[in-house]
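I opened the notebook to look up how the parts of this protein sit against one another. The sequence and structure go here before my entries.

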Amino acid sequence: MPEAHSLHRHARDQREALAGQVLSVTSPQRKFDATPFDGHRLQDVQAYGKHLVYSFDGAPDVHVHLGMKGIFLRTDDLSLPPRGGTRMRLAGETTAFSLIAPSRCEAMDEQAFTALLATLGPDPLRVGEAGRDEAAHRLASARAAVGAALLDQSVWAGIGNAWRAELLFLAGIDPTRRVDEDEAGLLWDLAVEHLRVGVDAGQVVSDPTAPDERWVYKRETCRRCGTPVRNWTFAGRVAWVCPVDQR
Ligand SMILES: [Zn+2]
């Protein structure tokens with residue numbers, strides 16, 4: 001599932017290519033009513049955790065969640081016919097984005113936007129260092145073990161399975177226990193630092209000197225010490241843990 005860095009990357013790419021332009025908005029798949037948005041100027045695209053919110057002049061917002069399978073395809077050739085399975089196509093002056101197989105793509109009024117934000121904890125890529133105290137408090141006071149709390153979007157927004165594995169490795173923390181505020185603050189610092197790199201790189205980067213490598217995520221052995229990585233389903237997703245480096 002796409003995690004916060006990729007949603008912020010989508011928001012940035014689409015904002016740069018389309019914001020300020022009058023868009024042709026269509027739904028070749030016909031599962032989304034594009035009429036209220038078609039021919040309206042796109043003001044902005046923002047990511048909130050794993051959610052994307054598009055704001056238009058004179059129209060409601062559009063709320064997108066990619067879920068497990070959703071993707072965007074970009075084209076700079078507007079003469080190409082859209083793919084039939086496209087849920088929403090946003091076409092500007094020179095560039096179009098086609099949204100395929102999202103879990104959510106819907107009009108959203110102000111009340112629903114407020115309700116969405118109320119379900120989300122702080123997003124490391126939105127509030128950064130300024131959110132540290134609140135983020136540390138929320139994580140340390142979560143009743144669940146840290147490996148479950150990190151995936152709970154109401155605790156922190158935007159962390160998925162790959163970041164859970166790599167951030168807990170970097171902090172030296174086993175996912176099955178709880179954390180205190182100092183450890184939670186350290187995890188937040190790691191999240192802010194690494195997710196920013198991830199936005200630019202377009203992938204999970206847990207070691208900036210080796211951006212294509214992971215420490216434990218989907219590995220057989222720990223990249224630091226060589227110990228076999230333990231993996232098992234924890235809080236609904238497969239946890240990846242070095243039993244030597246994480247306590
Ligand atoms: Zn290790």
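My entries below go from the domains to one pair of helices.

Before starting, I noted that residues are numbered from 1 along each chain as its sequence is written. I also noted that this is a predicted model, in which local features need pLDDT of at least 70, side-chain atom pairs count only at pLDDT 80 or more, and totals for chains, interfaces and linings use all residues.

**Entry on the domains.** I looked up the division of the protein and found domain 1 (4-118) and domain 2 (124-241), with bounds that come from an automatic or database domain assignment. The C-alpha centres of domain 1 and domain 2 are 28 Å apart. I then read that eight residues of domain 1 are in contact with 12 residues of domain 2, where contact asks that the C-beta atoms, placed from the backbone, lie within 7 Å. On the domain 1 side, helix α1 (residues 4-18) gives the largest share, five residues; helices here are DSSP runs (H or I, at least four residues), numbered from the N terminus.

**Entry on the helix pair.** I looked up helix α6 (residues 161-171) and helix α7 (residues 181-201), which pack at an angle of about 120° with their axes 10 Å apart; the axes are lines fitted to C-alpha atoms over the stretch in contact, and angles run from 0 to 180 degrees between N-to-C directions. From α6, Leu167, Leu170 and Ala171 make the contact, and from α7, Glu183, Leu186, Leu187, Leu190 and Ala191.

Definitions and conventions:
Contact = placed C-beta atoms within 7 Å. Helix = DSSP H or I, 4+ residues; strand = E, 2+ residues; numbered from the N terminus.
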